[in-house]
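Biologist: Please take a close look at the ligand site for me. I am new to this structure and would like one connected account.

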Amino acid sequence: MLRIAVQSKGRLYEESMELIAQAGIKFPATKRTLLVPSRNFPVEVLFLRDDDIPDSVATGTADVGIVGFNEVLEKRQRVTVLHELGFGRCRLSLAISKDVDYPGRQWFNGKKIATSYPAILRDYLDKHGICADIHVINGSVEIAPGIGLADGIFDIVSSGGTLVSNNLAEVEKVVDSQAVLIGGNLPLSDEKQSILEDLIFRFKSVMAADGKKYLLMNVPRRSLDGVLEILPGIKSPTVLPLADAGWCSVHAVIDESQFWDIVTRLKKVGAEGILVLDIMKMVP
Ligand code: PRT
Ligand code: ZN
């Protein structure tokens, strides 16, 4: 049985559980407790505060964990990032009042910076030879400059909306973050290692299908070259003959972001009856 630590509530909870569910791992429909074994796969989920996940994995309380890379960097535990999971994307940035004419990072010399991420900030300041006072606060960091508690902040930014509504401007991006799967630095038993490999394989298959669509269309033989040109970069589209020798069927996987562009161009060169399907998994 492999134990996986997941944030008990908060921003990463839902997408972590969704990824696990998409990987075909099911849980009993009973009330949530701290430790929940799956009913069809040899894993159990340990629900923790995100701050406690790196430590739980480093000490072996959990075998692996899903947590923001920002927490991994800040907590300095002996853990390894096994896989990036593509959700919970954000960045850690320095921000100051939008009214300041910012001359560059040396502006922070002698200033006071409020943050919940002192270790990452300390590294950054040291690396750039900046001497600033770090003021640790947990939560609502963005209000610190407005109430005179600090000159600037170092905090998580996602859309940037929180900065704007607090009259702050992002001036230095320090690190990008996303949810990651972490493991401890001690070897797992053979049994756990093999469950982990299966788990990562399943996560990869789920993630590979994310944002992809499967296209099927009928194409007159004479338009086939034009259609194939529109589908470049996509690994060998499948071309199948149809009962009518003048026509064939083309199947391809495309990125959802390119969907309208590609479909519009396909229609122009003569593709017909275009079907678009969701892809549930892509097994490498
Ligand atoms: O209770 P627990 O300790 O488990 O949770 P928490 O309150 O410490 O963390 P939580 O649930 O807020 O965030 C968990 C993780 O989500 C973080 O560690 C990041 O890895 C990731 N994440 C992604 C974010 C954001 N996006 C984010 N926007 N975490 C926090 N924010 C905050 C940010 O600090 C800002 O104040 O959301 C606010 C809005 O951001 P904007 O830029 O979109 O306005
Ligand atoms: Zn937390």
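**The site around ligand 1**

Modeller: Start with one contact. Arg49 places a polar side-chain atom 2.8 Å from an oxygen atom of ligand 1. Keep in mind that this is a predicted model. Two further side chains make contacts of this kind. In Asp51, a side-chain N or O atom is 2.7 Å from an oxygen atom of ligand 1. In Asn70, a polar side-chain atom lies 2.6 Å from a ligand oxygen atom. How much of ligand 1 does the protein bury? Alone, the ligand exposes 850 Å², and the protein buries 79% of that.

Now the place itself. Ligand 1 sits in the largest pocket. Two elements each give two or more residues to the shell around it: strand 9 (152–157) and helix 5 (161–165). Strand 9 provides the largest share, with three residues.

Next, the residues of the shell. There are 21 residues around ligand 1. The ones that come nearest are Arg11, Asp51, Asn70, Ser159 and Thr162. By class, ten residues of the shell are polar, seven are charged and four are nonpolar.

Last, the domains. Why does ligand 1 lie between domain 1 and domain 2? Domain 1 covers 2–87 + 178–209, and domain 2 covers 90–176. Both give residues to the shell around ligand 1, so the ligand lies between them.

Technical notes: Residues are numbered from 1 along each chain as its sequence is written. Chains are lettered from A and ligands numbered from 1 in the order in which they are written. This is a predicted model: local features need pLDDT of at least 70, side-chain atom pairs count only at pLDDT 80 or more; totals for chains, interfaces and linings use all residues. Side-chain values use heavy atoms; hydrogens and water are left out. A residue is near a molecule or strand if one of its heavy atoms lies within 4 Å of it. A polar contact is a pair of N or O atoms within 3.5 Å; within protein, one must be able to donate a hydrogen and the other to accept it, and residues adjacent in sequence count only if both atoms are side-chain atoms. Accessible areas come from the Shrake-Rupley method with a 1.4 Å probe; for residues, only the protein chains shown count as cover. On a 1 Å grid over the protein atoms alone, a cavity is a set of points where a 1.4 Å probe fits but cannot get out, and a pocket is an open set with protein on both sides within 12 Å along at least five of seven lines; lining residues have an atom within 4 Å of a point. A molecule sits in a cavity or pocket if more than half of its atoms lie within 2 Å of its grid points. Helices (H or I, at least four residues) and strands (E, at least two) are DSSP runs, numbered from the N terminus. Ala, Val, Leu, Ile, Met, Phe, Trp, Tyr, Cys and Pro count as nonpolar, Asp, Glu, Lys and Arg as charged, and the others, Gly among them, as polar. Domain bounds come from an automatic or database domain assignment.
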